[in-house]
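Welcome! Please take a moment to look over the sequence and the 3D view before reading on.

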Amino acid sequence: MFYLDKKALQDQPNVRTLNKNVDWPAEFAKRSKSARYPALKEYYAQGVVSPETPISEVPLVALDFETTGLNPKTDSIVSIGLVALTAQRIRCKEAHHWIIKPDTELKTKSVVIHGITHSDVASAPSFNSVLDALLQHLQGKIVVAHHKDIETRFLNAALKHYINEEIVFPCIDTMALEARFSRTLKRTFLRSLLGQKTPSIRLTDCRARYNLPYYRQHNALTDALACAELLQAQIATHYPEQTAPISAIWC
Amino acid sequence: MAIEQVEVTDFFQRHKPFSDLAVQELSELASGVEIAYYKAGSPILTFGQDNDQWFVIRSGAVEVFRRDGELYNRLGEGNFFGELAIMRNRPVRFPVVALEDTLVYLIDADTFNHLFDNNEQFADFVEVEDRSRLRDSNADKKDNNSLLTAKVEKLIGQLPLILPPNTTVQEAAVRMTEEGVSSVLISNDQVSSDADTDDEELVIGIVTDVDIRSRLVAQGLALSCPVTDIMTSQLTSVQSHQYVFEAMMLMLKHKVMHLPVLKKSQPIGLISHQDILRYESQNSLFVVKSIFTALNVDELTALKGEVQACFSRMVHEDANSQMIGSAMAVIGRSFKQRLLELAEQELGPPPIPYCFLALGSMARDEQLIVTDQDNALVLDNRFDPQLHDEYFNALANFVCDGLDRCGYTYCNGGIMATNKKWRQPLKVWEQYFSQWIEKPTAETLLNSAIFFDLDGVWGKKVWADTLNRLIRKKAYKNARFLACMARNALLRTPPLGFFKDFVMETDGRQTNSINMKRRGTAPIADLIRVHALSIGSKGRNSFARLQDVIESKILPPGRGVDLRDALEFIAMVRIRHQAFDLDMKRVPDNDIEPEYLSDFERKNLKDAFQILSDAQKFMKYRYQPGRHL
């Protein structure tokens, strides 16, 4: 994900409740008919697990983008990292990483953050040349991201730009989950009395709470892995039996 | 193509045995791992489960259990488990549970087997049954040029001056002055040049500066008399491949200042007391010399610091445990001898002959810096308590009090010559030992463990030999006694469960400790003693005994060597710990705090304790009552 400055991070995430009541299997079936771009059609055709499926049985894929900025209208994707997982295992063998030549200029500020330089992107493929592969890796799986807005909005914007179609999918947002899990903490009277702040939901801080090791951030692949591990930790902590339906954590 | 995970690769690069892998192998390994997270308290492997993955702990900690639920091990970051099930291709035998929230990297069986089969270093590190790692860790320590681990050869500066036996003393003195040497070897005229010289003495004697002073000038002999008149025959010599330390020990034992160095039987040099002292001002020779020149107990007490300095120095120069153990024993013995000389000066000559005994670690030449005194007195059979006991009581008190002041604390169990029970005529001692062997009881078995390592340090030392011979003859093949000794030796178990306490404390504080003597070196020494008694070994040092045991082939192949390495390693951890305490100006002890152990030491220590545990199991089986030996 793109680096957010401190102010942005300490606010609650903008959890969009828009998709909450969507019947995803039906939505996918409908879109597999209407979609025109073959890879996208195929993506929808592979379908989506039913909302009642236990968490333990759902194939997942952690996804992370590095971008040139925060606005999908003016900024673009510079790298994509993803890794396949389940609630029990993360499979590094099924990990992928692409550097993308962005449509917009690389901003010096973002270069500092993700370390991808002009020369790195000069020879990189454009987004549309990796799109088919990307969709293939996502199909049949539920996307996991930390602060999903970046991934969902940038992916949608890129698809609009290149193939003039939209993409929608259910997503597990580890940051939103963490906010939910820590909400009870926030309300504690004693905490407010002591003036303690809501625990930080930044990826690194979330990870530390689950005794996960420190990983350097802002490499799309590492961040995808970090996010995958965080989800496993969250599930193990809050849904130890893993029998809860996937709809409990997706949105 | 799989993509390498940077953080995973970084982790493997920081931990053995992965850090030894080639870059390509490492990167393939990292891109192929699976990752799993386990909440504290959740099972990772269960008994009887099939397992085809190798678990490497990335963060957190786990507990490994035996089937009966007993805690077997705790593992932390960088440790691994699950390899046994893979290597033996069998279901999991030791269940594993997450102790903390734990992240593990998993390596599939094929990758594991590939690494294991193709990478010797990797296999050595992982293979729990293969104890060669322990051997290497001990052997590493020898690869340096320190004096104490150097061979005698290194000290030889020039070829020795060798003169024929008909040389006059004056001619010899002239030649010695010309060559700038303080001693000369006298060659054997009888050896013909074409004879096979292997079996003949090429050198028949040595003449030193001191000999010229004390045997020629002081005696008023003529300068023209032949060197053979004043030479020392019956040479003590050292082989060039022996350790300098061994040369020092020879000098101490035979009270000589010069040693010819032989290669096969050819003299290739001469080393003197000075040669060694020049390198080592604080070595044991120097300390021993100071002990014998101390005029009273106060002066002896003042040498405590030098003994410690000598100990530290040897440790820092990577002397092995045998060198250190015997140097400390020589020093301890010297203290006793000097105290007895001083006692006799004060109390007058003894009314009847006696022998002062060293027992336990000193007798085994395995003494370290932290030690209490175990000693006893053997008196002449004419001993009459009415007439003599007052003298020997005073003598014993003088020595034991003196030893205490010199750093050898009183024995808690009262095994000292001051105790009337341990101050007896030879015939009573013979009864003691016979009875202990023929009718062992719980109490006498404990005595046996201490008294069976005995050495005469002063007086009628032959009585010590008499007693040793008696023990050897009686204990040998006395199956019931050996079975009792074996059972007794099993009372102290190695602290394998202790390692469970190693992992956790992240704040660096750790109050648990382990007594390396009680749980480590002592049980091994006990075990070796039982085997040594069963084969009638004459050795007293544990390593010497073990050598006899190995040669007698009573142990399964390889076990004796493993045991030797385990003893050396545990002893060295104990020794280094004491040296560290001394360096830190703390009172040295035998209690190891895990925070001072490296991962490497921890791992090897665990292996060493495992070897001890296996050896105890074997002993239990071998000496079970009724079993024919």
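The report below starts with the ground rules, then turns to the interface and to a few places inside the chains.

## Ground rules

This is a predicted model, in which local features need pLDDT of at least 70 and side-chain atom pairs count only at pLDDT 80 or more, while totals for chains, interfaces and linings use all residues. Residues are numbered from 1 along each chain as its sequence is written, chains are lettered from A and ligands numbered from 1 in the order in which they are written, and side-chain values use heavy atoms, with hydrogens and water left out.

## Chain A at a glance

Chain A holds eleven helices and five strands; here helices (H or I, at least four residues) and strands (E, at least two) are DSSP runs, numbered from the N terminus. Of its 251 residues, 54% count as buried, where buried means under 20% relative accessible area, exposed over 50% and partly exposed in between (1.4 Å probe, protein chains only). Take the contacts in chain A (heavy atoms within 4.5 Å) between residues at least 6 apart in sequence: 70% of them join residues at least 24 apart.

## Where the two chains meet

At the interface, 25 residues of chain A touch 29 residues of chain B. The size of an interface is often given as the accessible area lost when the parts come together. For chains A and B the buried area is about 2100 Å², and carbon and sulfur atoms give 51% of it; this is the accessible area (1.4 Å probe) that two parts lose on being put together, summed over both.

Four salt bridges are counted between the chains, each a side-chain nitrogen of Lys or Arg within 4 Å of a carboxyl oxygen of Asp or Glu. One of them joins the side chains of A:R216 and B:D10 at 2.2 Å, N to O. With eight residues, α11(A) gives the most. That side of chain A is made up of 13 nonpolar, seven polar and five charged residues; Ala, Val, Leu, Ile, Met, Phe, Trp, Tyr, Cys and Pro count as nonpolar, Asp, Glu, Lys and Arg as charged, and the others, Gly among them, as polar.

## A strand pairing across the chains

Which strand of chain B pairs with β3(A)? The partner is β1 (residues 34–38) of chain B, in the antiparallel sense over two bridges; two strands pair if DSSP finds at least two bridges between them. Within this pairing, A:R91 has B:E34 as its bridge partner.

Helix α2 (residues 23–32) of chain B also comes into this picture. Its buried residues, including B:L26 and B:L29, pack against β3 of chain A together with α1 (6–14), β1, β8 (102–108) and α4 (109–118) of chain B.

## Inside chain B

Strand β18 (residues 454–459) of chain B has five of its six residues buried, so it is largely enclosed by the rest of the structure. It pairs with β15 (residues 354–359) of chain B in the antiparallel sense over five bridges, and B:A358 stands opposite B:D455.

Leaving aside neighbours within four places in sequence, B:S334 is in contact with B:V288, B:I291 and B:F292.
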